[in-house]
Amino acid sequence: MEYSKAFISAYQIVEYLVCEHNYQIMRVAKEKHEIWLANPKHKQHPVIHVIYEKDDDASWDSYVHPVFMMLYSLIQKQGEPLELSTIDNHMDHVAPLKQVFVHKDGVSDVSILKLFPKLNRVLHDVEDLQYEFVHISGHIESVQLKNQKKLLKSTLKKIYPYLTLFLVFVCCSFTIISFLLGMYLNSSLGGWILSGCYYKMNVVANHEYFRLFTSMFVQGDLLLFPVSIYALYSVGKICEPIFKKYQFFLIFIISGLVGNVFMLVGEANAVGFGAGAAIFGLTGSYFAWVLEGKRYEAPFIQKILLRFLALDLLVCLLPGLSVFSHIGGGVTGFLLGILFSRKKEWHYIRLQTCFALLIFTSGLVYTTYQTKRVEPLEKNVDKQVIETFKEYGYMDYAETLKKAYNKQYKLQ
């Protein structure tokens, strides 16, 4: 096979882009005399078209633009179309793309050197064109293989749901502790309360606000516990790679906390537990992410949304959780998803969301502080709690609860 100088020059450019700018060869069409490169991390030109021979049939509308759009869709990134050519007569001034002629003495558009500084120096004459092609091809292949291994390793590290598994572990630990305490105290209710579940009487009367936090990790019903854990893992493993680790953690914690505050303010006296509000928060944040990039048109995204809705409906049926809790968690997660979005066009939306969250949080804190009444009073339950702790030696805590309960009875 005979190799032209333009062909070898094109591969010298490809070698430079692959080795120094982490591009990957996506498509080589010999009949079109072209090479397509992609790098999703490059902000301005994630896709580059390299040509080394003019093809009159490969017009912008009929061929070049559709391939650009296909590759943009494949790497899920948009950018400015760039075409690099090693032939002088390639310019198509009708096409809305940046076209640069690269030759041994320089480039036709020096602005490209700001992004690719060595582009004007990569071309050089060689005596044996075939040897040069074999050498360049081997080098490109080895570098691409090394980059693919690095990408695979970093991708697996990124998508592996470490934080979700940690949250699952914490929920399992709290639930096992609750179960063991219930066996020790011979009272499931005593085990739940001692392990940190939500009980409005304790929160309002004895100011045990920590229960708004700890209750999201406790699952009272061991038969339904696997359903809750499955929902948490299924939603978490999809949402965790979308956000930064601290963002994902904040969405889970704040959504669960706000959901429990909604339950405190809007629901009657009850015992509550489970991560349902936090799971709804993660689902809400995923909806925000889908809207951010208008990803709802993709079929696999639609399937995930339907799956999330089914899981959320299943979690709603679990005992110990309220409608108010789910609504509060879902709304909070959606707002946090908008706040953590990276879309430039959403700058003002993020700013407005930040103010909305501040007002929202201030209102919740004030309303929580103003919540003084507990209705209906469950005196039999309160008596059972006090007697359980007295019987097993928790005298100080039992007396504290008794005083708090009696004070609350007088306020009603």
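Residues are numbered from 1 along each chain as its sequence is written, and side-chain values use heavy atoms, with hydrogens and water left out. Because the model is predicted, local features need pLDDT of at least 70 and side-chain atom pairs count only at pLDDT 80 or more, whereas totals for chains, interfaces and linings use all residues. Helices (H or I, at least four residues) and strands (E, at least two) are DSSP runs, numbered from the N terminus.

An α-helix has 3.6 residues a turn, so residues three or four places apart point the same way.

**Helix pairs**

Axes are lines fitted to C-alpha atoms, for helices over the stretch in contact, and angles run from 0 to 180 degrees between N-to-C directions.

| Pair | Axis separation | Angle |
|---|---|---|
| α12 and α13 | within 8 Å | roughly 145° |
| α14 and α15 | 8 Å | about 160° |
| α4 and α9 | within 10 Å | roughly 35° |

The crossing of α12 and α13 is left-handed, a term used if the near helix is turned anticlockwise from the far one by less than a right angle, with right-handed used if clockwise. From α12, the residues T332, L335, L336, I338 and L339 make this contact, and from α13 the residues I349, R350, T353, C354, L357 and F360. By class, the contact of α12 with α13 has eight nonpolar, two polar and one charged residues, with Ala, Val, Leu, Ile, Met, Phe, Trp, Tyr, Cys and Pro counted as nonpolar, Asp, Glu, Lys and Arg as charged, and the others, Gly among them, as polar.

Helix α14 (residues 379–391) and helix α15 (residues 395–411) are roughly antiparallel to each other; angles over 145 degrees count as roughly antiparallel, under 35 as roughly parallel, 65 to 115 as roughly perpendicular and the rest as oblique. The α14 and α15 crossing is left-handed. In this pair K379, D382, V385, I386, F389 and K390 of α14 meet M395, Y397, A398, E399, L401, K402, Y405 and Y409 of α15, and the contact residues divide into nine nonpolar, no polar and five charged.

The crossing of α4 and α9, in turn, is right-handed. Here Y162, L163, T164 and L167 in α4 meet K245, F248, F249 and F252 in α9, giving six nonpolar, one polar and one charged residues by class.

**Buried residues elsewhere**

In helix α2 (residues 60–75) the buried residues are W60, Y63, V64, V67, F68, L71, Y72 and I75, and they pack against the strands β1, β2, β3 (47–51) and β4 (82–85). Y16, which sits in helix α1 (residues 5–21), is buried, with a relative accessible area of 5%. Leaving aside residues up to four places away in sequence, Y16 touches H21, F116, P117, K118, L119 and V122. In helix α4, where L181 is found, L181 touches G191, L194 and S195, again not counting residues up to four places away in sequence.

**Backbone features**

A cis peptide bond, with omega of about -5°, joins E375 and P376, and P376 is in the loop between α13 and α14. Positive phi values occur at H33, about 55° although H33 is not a glycine, and at N186, about 60° although N186 is not a glycine. H33 lies in the loop between β1 (24–29) and β2 (34–38), while N186 lies in the loop between α4 (162–185) and α5 (188–195). N186 is exposed, with a relative accessible area of 67%. Q76, which follows α2, also has a positive phi, near 55°.

Definitions and conventions:
Contact means heavy atoms within 4.5 Å. Buried means under 20% relative accessible area, exposed over 50%, partly exposed in between (1.4 Å probe, protein chains only).
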